[in-house]
Every structure is written in structure tokens, then in C-alpha cells.
There are 2 protein chains.
Amino acid sequence: MTHPQTTDPGPAVAELDTIVSLAKRRGFVYPSSEIYGGINAVWDYGPLGVELKNNVKRAWWRAMVQERDDIVGLDAGILMHPQVWVTSGHVGSFSDPLVECQTDHRRFRLDELPGGENLSATDLRDPGIVERLGLKCPVDGGPLSAPRQFNLMFKTHMGPIEEDSNAVYLRPETAQGSYVNFKNVQQSSRKKLPFGIAQIGKSFRNEISPGNFVFRMREFEQMEMQYFVRPDEAARIFEEWLPRRLDWYTRYGVNPERLRFREHAPDELAHYAKKAIDVEYRFPFGWKELEGIHNRGDFDLSRHQAESGENLEYFDPATEEHFVPFIVETAGGPDRSAFTFLIDSYREEEVRGEKRVVLGLNADLAPYKVAVLPLLKKRPEIVEIAHRLRDDIARDTMAVYDDTAAIGKLYRRQDEIGTPWCVCIDVESLEDGAATIRDRDSMTQERLPIEGIKRAILDKLSAARG
Amino acid sequence: MTHPQTTDPGPAVAELDTIVSLAKRRGFVYPSSEIYGGINAVWDYGPLGVELKNNVKRAWWRAMVQERDDIVGLDAGILMHPQVWVTSGHVGSFSDPLVECQTDHRRFRLDELPGGENLSATDLRDPGIVERLGLKCPVDGGPLSAPRQFNLMFKTHMGPIEEDSNAVYLRPETAQGSYVNFKNVQQSSRKKLPFGIAQIGKSFRNEISPGNFVFRMREFEQMEMQYFVRPDEAARIFEEWLPRRLDWYTRYGVNPERLRFREHAPDELAHYAKKAIDVEYRFPFGWKELEGIHNRGDFDLSRHQAESGENLEYFDPATEEHFVPFIVETAGGPDRSAFTFLIDSYREEEVRGEKRVVLGLNADLAPYKVAVLPLLKKRPEIVEIAHRLRDDIARDTMAVYDDTAAIGKLYRRQDEIGTPWCVCIDVESLEDGAATIRDRDSMTQERLPIEGIKRAILDKLSAARG
């Protein structure tokens, strides 16, 4: 294949614990419902986390929808007609092989057990596999049940009575929303092939073994784009999306040595996929999928056409042909992306004998673009200028005021949360009407007239966006 | 009370059908899963709708988080520890009075039946009320059951086994996420009282009688802000939020004559509320809640403190007191807001004997800020200039290219979706390097050098934002 798979582990990333601890302490991510002992595999984004995540979503939307003339957005419901998930194949085959220890009743995914990692898809469905390989519970060594297929969709009931006819699912992917709306979107937007539908939104999977912080959650958010193409162009267009999606991560600062492509083996392919290549990132727990790029062929639209009875063919005015489009999908998510930007930008440095922790986030992704800090909080004139400047900048972008420590400590706090610029209002500011802007990465300072600082910050921000 | 309640119906708004039809045809809102016959009370946002809704969310976030120094954001999970909903009172009392016709088995909300509209909260819980008032099925006149309290929370199961211990709920409000994270947010953001936590996110309510387009859905999105205050300041701060929230709607163009305040009667108050005043809008189906402002007292934090065993008191460094803060809540949502902006801005005019349909959306809310239109699509030089200009503007804001009709029709299409400015590239553009910008509302045109058009649009947009 044409996409080399790095085997080099690449430069080391921060420890997972370091990031989880920083995330909680500084307000990026908290364990959900913590005062009640938490809930497994759900995380809440705090004041800084929600800004980071929103910036990630906005950056993706800008690259995928706003800047392009051929992709439009959609925001379909999490709840859909239950037949959608029958047609899509999720009711029948969106499952993981579950085994249970007969003595302590712990549950495991067969393909994550020691000895099960390299099993083929066929083996994972083989009822005799556990006995044949002599697999045991990794916790207490007890005997394991034969694998059963555990469906990952969350089910609930709509309307006042709990009966099967009212059962609906929480969507396990946003993609189906784009497929069932294909005709509506195409007709109302008048787009011609090739064109895409982009969505950002929550999905839910009842994972048997979630974990690794926000990497695998039961409730998570997706950023998926479905690109509808002529069948004879699908293979070429699939290849074009590969570097485009990888470049999006490096454009926002991810170290390219920690990124690679990995092609799915034939027996690893999802039921809908003709070809699938992952963009992988080197997480602290190994190379893992950051985003998947899939050639889904005409599987989805053909199935929906057959089951719904609606004609989902496209009429090509240039060739006068009618056909069911192929779909090339790019499937990533803001949780994994934000996690990647966080961990990849984390660094520890020594500055004048002291440790400095820096999140070197791209300015466009940083929760606060600027912190306005008074050198002396006991001087009301200085505090007033600082507040006024923060309020003025905040009309255009995220800015924060802080006076709860000495200036050196305030700078360190902003370094640790990735704020690219700090403005310090000092005693001289009262006389010369100027203030210093400090750069997070170089730690250099420049002095500018206060009235020009907002413009300077906005220009730096615009340059960072590229 | 100090908030006059308008009884004047105010100026007429568009018919609901007109808006639903425009919304589908132009790609604002489609019925969910339409190819499978739809799913009740869920709607999907199309290419224009998702832009409008995102703009509404961004405008709210800017006013509530970005511009303020005392409010931070949060994005808590939809799934939370189930005990949260026991403590909050939702498991016990978040329900509507359901009655069922004994002959056709249709279900109704007792308080929406003819004869049931003005019943007190006590009456609605009275098992003998249907018989006493002689209420009948409004469809077939059949006898109705006694009311039963139908809980509105959607329930699902987390983990591989469906048993009660694994039952979790889809949150019916985002507010509880802010309460259980109160301590984490306060500690990591170092905010002092009064300060607020703002959230935007999906919530779910298994409504007995949803309807009126996106006004009442079973899956919907909220924009809620919880403001934590000293108990002795709660009444005053509650009053301050009333005009601030009403003004937010008028700032973005809603006709103030179609807005009013309405205070909840004592027996209408939710179980948590000390006082509640709605901002109401005059929808085509009557005056209805657009946003609620609530003084929740210390109900929520005291209950969570008692049930979780975590100390949720705030230490006031100024007075050295420890106390449980009161909460003033503002509870609105992007679906109802976007619907209001849509319907309120809709107008039909006669221009030179022809009907012109205009969505007079504030430019900051409009899906596209500018449409770039070639006067002649057969002239490649003109088409190329138009594409280049659109691509350049699209790096900064939403812009669309369209050449699929004559210029007059293209203008009308953009008027109907609320695009504030159209740029027409014509034959003269090839010679003078200039183009006309047409204003949606005044229909006046000005000619500007093409290289200055992007700046001019961005300046107009910034002015519209105010």
C-alpha cells in the first residue's frame, strides 16, 4: 500500500496521569458526577475544556464547511426512527465479543484479553475459541464463558409506554443522519456531486471496556463528514482525503512524528467498508485511532433506498445517468482531538532553575487568547486599566483577568493552560499609557501602547490561524 | 408585581405553516427520519439551520461567557449518576398528568384538555378530577381514565446487563450538571461569589404532547446559566437578570412588542423554585415561554450536599461566613430562540408588483453573511473572480457562491434565507476591478473595488453585532 506505517514509537508524550491531573486541577475535564462517586466512562468538560473543545469544533467546521464550497453542515437528532439502525446493520452486527469470568463475574472484551489481541474477526465469533485457546480471567484466573455478541447501542423508549414498538436507540454514529437526509440536503442546497455533509454531535456506545480518559467514552462527540461521489471516482477521492485529514492535525500543531496511517486488514473491515485507513496518534497507551477514513461504497444509500422505498439515486445532469452515489467518510471527534492537542502540546522546561509547565496549544485552540494581569493589585488605577482592557478585548475574543498572585506565578498559571499572550499593566503604564505583552513560548516581552494592544492580539491570532 | 404583562396580542407573526414549509424547502429544518415516515417530535437541522443555530449559540455564549468576567462555561455529560435525579426531585416529581381515552386509547395531558387548562396543580393530581368535571376524550367523546403521573425522563441502561442497578437517565435539564460540578468549577476557576456557570447542550423529555414544530420536542437543546449568589442578594440579582435576558432577544432583532414577562403563580411554581418569571414570545399559537428566569434558593445545593455527603458550602473571604449559595437560573434554548428569530424576522413585501419574501435576520445570526453571484455564468473570467472572492471571504466568515439562475432570482433566494449582502460580479468588473454590494433590507447597491469588499463586509458584520 502507498501509506507507510511508522513502526518507530516517535518522541515520547506526557504520561496520561499528568494530563488527567492537570485537566482536573485547572478545569479542563472533571470526572462526571464526582460527588456521587462518579459514573464510568463519562467525563465533564470544565471552563477551560469547553473552550478548547469548542475551538476544536470551530476549527474543524472552518476547514470542512466554511472554507469549502462543496460541503454543507447538518445537525440531525440523536434519536431517529428505529428502522434506520436495522437498515444500517447496527441492530444486527454492531457488537463486541463479550466474555464473563464464571467466578468473579467480571466482563471483558475477548479481543482485549491477553491471548485474544490478535484473533481474527472469524475467531472472535467462534463459540469454542475460549476453550480451544485455554483463555482464563486475567484477574482471578477463573474460567471464562464462551463469547457472546453484545450490542453496543443504548436503547430507550419513546412515548408513555415501555413496549418494544416504542423502542428507540441513542445513535452510535452521526453518519446515518446524513444518509437519511441525503435527498433533503441535496435538493435544498442544490449541490452537485461530489459534495459532502458534515456533522458534529453526540453519539453513544455501551462499550464493554471504556477507558483511557476521554479516549473511549460511552458518551462522546463525533465530527463526521460524508462525501457523496460518483462510483468511478470514489477510490481516487478516498486517497485525496488522507493527507488532507492528517494535515489538519499538523496545521494545529500536532507533532507529525506522532501521526501515522494504518490500513485495516480485510477481515478487520466494518460491515459497510470497502476500504478503511486510520489516522493514528501515538498516545501514552500506544498507537490508536484518531480518525478513520472509509470508502463505504454504495452500501448505506442502497440499503436505505431498498428498505425505505425512497429513491435515493442522484441524477447527473452532465452525463444524464442515474446512480446511487458512493460515500467517502472522514470520521473523527472533538474529544479525541482535544485530548490529542492537550497531550501533544504539553511540555516541561527548566527556566532559571525552576520547572515550567507549558501547554503549547495553537493560539486558535487555546481557551484564553490573552490574560490581562495587574502588576500591583493594591493600586486601583492599575486594576481599573486592566479590567477595562480585558473587557474591551473580550468583545472580540476570550480574555481573562487575574490578580490573585504575584506576576511570576500568574505567568506560570497561564503557561500551564496554554494562554499564548499575557499583558501586564504596571506602574509605568499610568505614565506612558503602554503595557508589556509577553509571549508564552519565547517568554519575550514587547511594550505597546495600550490602545493598540487589542489590535495586536487579534492580528497575532489571525496569523496563528494561518 | 413590577413586570407588566402585555395583554395586547401585538403585531401578527407569520403563520406556522409558512415557516415550516420555508424551513424544509430551503434547508433550515427537516422532519427527522423522513424517508421512514418520520419520528414524532424530533427535527433535524439542515445546512442553513445548523448555521443559524450555531450562530444563536455563539451569540449567547458571547453575551453570557465571553464578554462577562463572572461567568464560565461547562459541558457536562447527558448521562449522569442516577442518584443525581433522585436528589434533584426529578425521579419523584418530574411528571405530567396523563389521561387515556378508554375507547380509542389516545393519551392526553390533563392540563391541555378542553376544560383542564385552568386547573390548579393540586387539581391536576386529584384522582377524582376527571369524573368530577365530566371530562371526555376530545376526539371520540369516550370516557377518560383518572390522571396518572407520567415521568418525563428517558431511561436507558449502562453496561452489558439490563437490570435496575444499571438504569441511567438522559438528562432532562443541563442545570444539574452545573450543581454537581459547583465545587470543581469554583476551585479550578477561583471565582468568588457572585459567579455563574453557563451550559449549552442537549436534554430529553418524553413529552406526552410535543408539537408546534421545534417549539416542544422530545430531544432539544438548552442554554442555561446558573448564577451562584449570597442568599441575601438573590432577590435583587434575580430582578437584574430579567431585563438583561429580555434585551438579549431585542438586541438580535426580536420585535419588543412580541415579548413580555409573565410571573408564575404560587401553585404553578416548579418544586425547586422560590420565584419564576418567564420571558414569553407571541408565537402563532399564542404567548408561550421563550426563557425562564428562576430563583431556586438553596434547594439544589443543599439537597446535593445532604445526599452526596460532600460539603458544598462556599467560604466568603470578605465576611468569613460559610453558607450554601442561592441560585438564580436563566433557562432558554437555541431551538426556541432560533425558531423565534426565524419567525419574527419573516416578512412579505411587494416590490414592483411582485412578492418578495425576506428573512430580516440580524447579520450575526444569518447563515450566510454574503452571497457572491456572477451576472453571467457563461463568462469564465467573471465566474473565476466570483469564486476567488467567495473563497477569500470564506476564510473569515460564511459565504456562498451561486450561479444557478438569473441575478434577480438569485437575489430573491438570498433574501428568503436572510443573507444580508449580495455581491454581483458583472461585465464592468472585468474592466474596473469593482463590484456591487446589494443590501438585503434597503435593496440599495454600492460599488466598491473588489479588493476592498471583504473588509467592507467584515466591518458591516462587526457593526451588526454591536
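A salt bridge here is a side-chain nitrogen of Lys or Arg within 4 Å of a carboxyl oxygen of Asp or Glu. With that settled, I opened the notebook on this model.

**Ground rules**

I am working with a predicted model, where local features need pLDDT of at least 70, side-chain atom pairs count only at pLDDT 80 or more, and totals for chains, interfaces and linings use all residues. Residues are numbered from 1 along each chain as its sequence is written, chains are lettered from A and ligands numbered from 1 in the order in which they are written, and side-chain values use heavy atoms, with hydrogens and water left out.

**Entry 1: chain B against chain A**

I counted salt bridges between chain B and chain A and got four. One that I looked up joins the side chains of Lys53(A) and Asp75(B), at 3.8 Å from N to O. Helix 2 of chain B (residues 47-66) gives ten residues, the largest share of the side that touches chain A; helices are DSSP runs (H or I) of at least four residues, numbered from the N terminus. By class, I found 33 nonpolar, 25 polar and 26 charged residues on that side of chain B.

Next I looked up contacts, meaning heavy atoms within 4.5 Å. I found 84 residues of chain B in contact with 84 residues of chain A. The two chains bury about 7200 Å² between them, and carbon and sulfur atoms give 54% of that. Buried area is the accessible area (1.4 Å probe) lost when two parts are put together, summed over both.

**Entry 2: how the copies are related**

I laid chain B on chain A by a turn of 180° and a shift of 0.0 Å along the axis, with an RMSD of 0.0 Å. That is the relation of a two-fold axis. The superposition is by least squares on C-alpha atoms of residues with pLDDT of at least 70 in both copies. In chain B, Thr156(B) has the C-alpha nearest the axis, 2.5 Å from it. Both copies use the same surface, as 100% of the contact residues of chain B recur in chain A.

**Entry 3: domains within chain A**

An automatic or database assignment sets the domain bounds: domain 1 of chain A is 16-83 + 170-341, and domain 2 is 368-464. I found their C-alpha centres 37 Å apart. Domain 1 and domain 2 of chain A bury about 600 Å² between them. Arg26(A), Leu48(A) and Glu51(A) supply 62% of the area domain 1 buries there, more than any other three residues. I counted two salt bridges between these domains. Glu416(A) and Arg25(A) meet in a salt bridge at 3.0 Å, N to O.

Terms used: Helix = DSSP H or I, 4+ residues; strand = E, 2+ residues; numbered from the N terminus. Nonpolar A, V, L, I, M, F, W, Y, C, P; charged D, E, K, R; others polar.
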